[in-house]
Amino acid sequence: MMNETKITLSAKELELVCNTEWILTKHNIIQKVMVLFSQALAGMQQQTIEQKNNLPAAIFLKDPKISKGENYKSLPYVMLDYPRFFEKENTLAIRTFFWWGNFFSINLQLAGKYRTQAVPNLQENFLMLQQNNYWICINNKPWEHFFEEDNFLSIRQLTMDQFTTILNRESFIKISKKQSLQHWDTVLLFIEQSFEEMLKLLEN
């Protein structure tokens, strides 16, 4: 007979596996995040319609998308992509992200011609980005969302020269803001204000 390793549960694991309430609560919270993102999306779309003449046409080419998953660094997440224009060379996207146990964030990601077009606006708004607690990605991978020193730097820590160097270092630019899950009651306002700021960075 094969020697099989005995699989045992800790006391905490056994308690959880016998308890349905916590997993049902988790499903309920995820559903509430999706509803919250739907509410945020309505305001986002209204903002883009009002500013349509000043924004890149790519913003209006793809329908928004809300999706969820279970395994961003082993934890559940929900994300809203609007706008979401992705080509091989050109990207224009704003991703709103909920990460279980961590934070809400909103991320502006640009590549190709949209990156090139936005650099002057980003430089012009350097002080605004500092004052409003933005971060800039220093990773060479655009799809990571964790706020640690090997992925994001606070723009408050940077000089204008350092900021410009980072803007020109990679083939993409990603700037982000985050909000604690403890501030759930104000997250809609956080998303609305951040989205408005990001649209200004995209103006023609």
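1. The charged end of Lys52 sits over the ring of Phe60, at 5.3 Å from the ring centre, where a charge sits over a ring if NZ of Lys or CZ of Arg is within 6 Å of the ring centre and within 35 degrees of the ring normal.

2. The model is predicted, so that local features need pLDDT of at least 70 and side-chain atom pairs count only at pLDDT 80 or more, whereas totals for chains, interfaces and linings use all residues. Residues are numbered from 1 along each chain as its sequence is written, and side-chain values use heavy atoms, with hydrogens and water left out.

3. The count of aromatic pairs comes to 15, taking rings of Phe, Tyr and Trp (its six-membered ring) as paired if their centres lie within 6.5 Å, with planes under 30 degrees apart counted as stacked, over 60 as edge-to-face and the rest as tilted. One of these pairs, Phe98 with Trp100, is edge-to-face, with 6.3 Å centre to centre and 85° between the planes. Phe98 counts as buried because its relative accessibility is 2%, while Trp100, at 25%, is partly exposed (buried means under 20% relative accessible area, exposed over 50%, partly exposed in between, with a 1.4 Å probe and protein chains only).

4. Phe126 and Phe163 form a tilted pair, 5.1 Å centre to centre with 40° between the planes. Phe126 lies in helix H4 (residues 126–131) and Phe163 in helix H5 (residues 160–167), so the pair ties together parts that are 37 residues apart in sequence; helices (H or I, at least four residues) are DSSP runs, numbered from the N terminus. Both Phe126 and Phe163 are buried.

5. Ring pairs also link Tyr72, Tyr77, Phe97, Trp99, Phe103, Trp135, Phe147 and Phe152 into a cluster.

Methods:
Helix = DSSP H or I, 4+ residues; strand = E, 2+ residues; numbered from the N terminus.
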